[in-house]
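Trainee: Could you walk me through reading a model like this one? I would like the general idea each time, and then the case in hand.

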Amino acid sequence: MSMTQERTRTCPMGESVVGFADRDPFGFYEQLREAGSPIWDEQAKAWLVHDFDQCLAAERDESRFANAYVFADDTVKEIKGGGANITLSRDGDHVKLRRFHFKLLSAANIESYRQNHIAPVLAASLARLDGRETAELAADYAAIIPARVICSLLGMPTDDDAMVAEILACNDAIVAFIASGYRDLDLKEKALAASHRLNEMLLPFIRARRENPADDFISRVWREAPDFGIDLDEAGALGICRELFFAGSDTTVHGIANALYLVLADPKVMAAARDSEAALSAVVEESLRLMSVVQFRHRFCMQDTEVGDTTVKKGEMIILLHAAANRDPERFPCPAEVDLERPEPTGHLAFARGTRSCVGSSLARTEMMEATKQIIERFPNLHLDPSAEPPSFRALYMRSMGPLNVILGPSA
Ligand code: HEM
């Protein structure tokens, strides 16, 4: 029987995981590692779980650690888009929705998405850089790609800059509320307004495809989801599409920015990425592992459970600190280093594991690979601008390195 910790192990220096907005958190994560896992974070009012195996075990057992929407009230559900939103669903309904999402986003389909949706969006995004000497690649390139890829997949226009910017701003408002542990009332109001605006933007497309189906995702939601036992009305279809937009846009913006950062930060990594697809793929995986776009996820404890030497009590919150677990030295030798030859390159937690793992990981990886490949091929002398502000770790919960001020050099 292990000893029960009664919140005696707490964050060093009174720090909190939520205090690291726009700050590099990795020194703090190392202090946490020395103290042990889990560790009580008084400000976040949650146990921080930063040991890789403990994260894995919690993610595989939803009966003990339910996702943060298990106690979602109607307002939180409305903020997330309601309907058949996969993240709000549980048990049998969740299994059906996952099967349907895996059909839409399976690795087998991704090659056709790469050609028909990713490639045209990348060509248009690169064309915007033509004739320029410098750029800020986080804003001028990474940020404009994923939402447009999702627009293209859903059968919506990809060239409406104002609409895409508004969708991203609405998603940001919702992410800010989630990052607060669903507790900040001011952020809740803003997230609710953002959710209503997203519905307004998407509903005309949902209605049009119901009447006149085509081959896009919205039409396929109407046509194929019922085959998986999913009962669909308008709210249900909206919920699925809202989540595809939400889960698939901002995340991948940060993913692309981090992959670009890794090649820009080290000429050897850049050379390797140019040299072979295998090395480029390893760069993508190392960027996912080292910088973990989604730094952490909340879970609620459903029954008293031993985590390491601690009993986490029913009703308490845990925070799965993926960004720290992805540098667990027990799992990854020389964890802070870029190693393009790790034996299990995809063995990180960037897409989570278990019952709620990312269903869009193949699409995300392909976008990250292609976006990186296309720009380093187009600009053979691409490098960070030494006279401009250097990149640093920005934001808090969902984050990436930026600004990525570069000198583009002549195009190939
Ligand atoms: C670099 C990009 C991405 C990262 C880092 C990422 C990360 C994650 C993580 C960590 C989760 C688990 C959430 C949890 O534990 O509660 C997740 C779930 C999910 N992701 Fe992604 N994701 C990315 C891109 C995408 C894309 C492109 C799509 C689809 C277009 C997508 C769709 C989803 C969905 C629908 C879920 C919910 C799964 C469920 O609740 O069963 N993601 N993602």
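Trainee: Which helix supplies the largest share of the shell around the ligand?

Mentor: First, two notes on the ground rules. This is a predicted model, where local features need pLDDT of at least 70, side-chain atom pairs count only at pLDDT 80 or more, and totals for chains, interfaces and linings use all residues. Residues are numbered from 1 along each chain as its sequence is written. Helices (H or I, at least four residues) and strands (E, at least two) are DSSP runs, numbered from the N terminus. A residue is near a molecule if its C-beta atom, placed from the backbone, lies within 6 Å of it. Here α11 gives the largest share of the shell, four residues. Helices α4 (91-105), α11 (234-248), α12 (250-265) and α16 (361-378) each contribute at least two.

Trainee: How many residues surround the ligand, and which are the closest?

Mentor: There are 26, and the closest are Ala247, Gly248, Gly255, Cys358 and Gly360.

Trainee: What does the largest nonpolar core look like in numbers?

Mentor: In soluble globular proteins, nonpolar side chains tend to be buried together. Buried means 20 or more other C-beta atoms within 10 Å of a residue's own, exposed means 12 or fewer, and partly exposed is in between, with C-beta atoms placed from the backbone. A nonpolar core is a set of buried Ala, Val, Leu, Ile, Met, Phe, Trp, Tyr and Cys residues joined through C-beta atoms within 7 Å. The largest one here has 118 residues, and Ala142 and Leu260 are among those with the most contacts inside it. Contact means C-beta atoms, placed from the backbone, within 7 Å. Beyond its neighbours within four places in sequence, Ala142 touches residues including Val253, Leu260 and Ala371.

Trainee: Where is the kink in α9?

Mentor: A bend is the angle between axes fitted to the seven residues ending at a position and the seven starting there. In α9 (185-211) a kink of about 35° lies at Leu202, shortly before Pro204. Leu202 is also one of the buried residues of α9, along with Ala191 and Ile206. The buried residues of α9 pack against α3 (74-79), α8 (161-179), α10 (217-224) and α11.

Trainee: How many residues of α14 are buried?

Mentor: In α14 (277-291), 11 of the 15 residues are buried, including Leu280, Glu285 and Arg289. They pack against α12, α13 (267-275), α16 and β11.

Trainee: Is Ser292 buried or exposed, and why?

Mentor: Ser292 is buried because 25 other C-beta atoms lie within 10 Å. Asp22, with a positive phi near 60°, counts as exposed because it has 10 C-beta neighbours inside 10 Å.

Trainee: What about the peptide bond from Ser37 to Pro38?

Mentor: That bond is cis, with omega near 0°, and Pro38 sits in the loop between α1 (26-35) and β1 (39-41). Gly402 and Pro403 are also joined by a cis bond, with omega about -5°.

Terms used:
Two residues are in contact if their C-beta atoms, placed from the backbone, lie within 7 Å.
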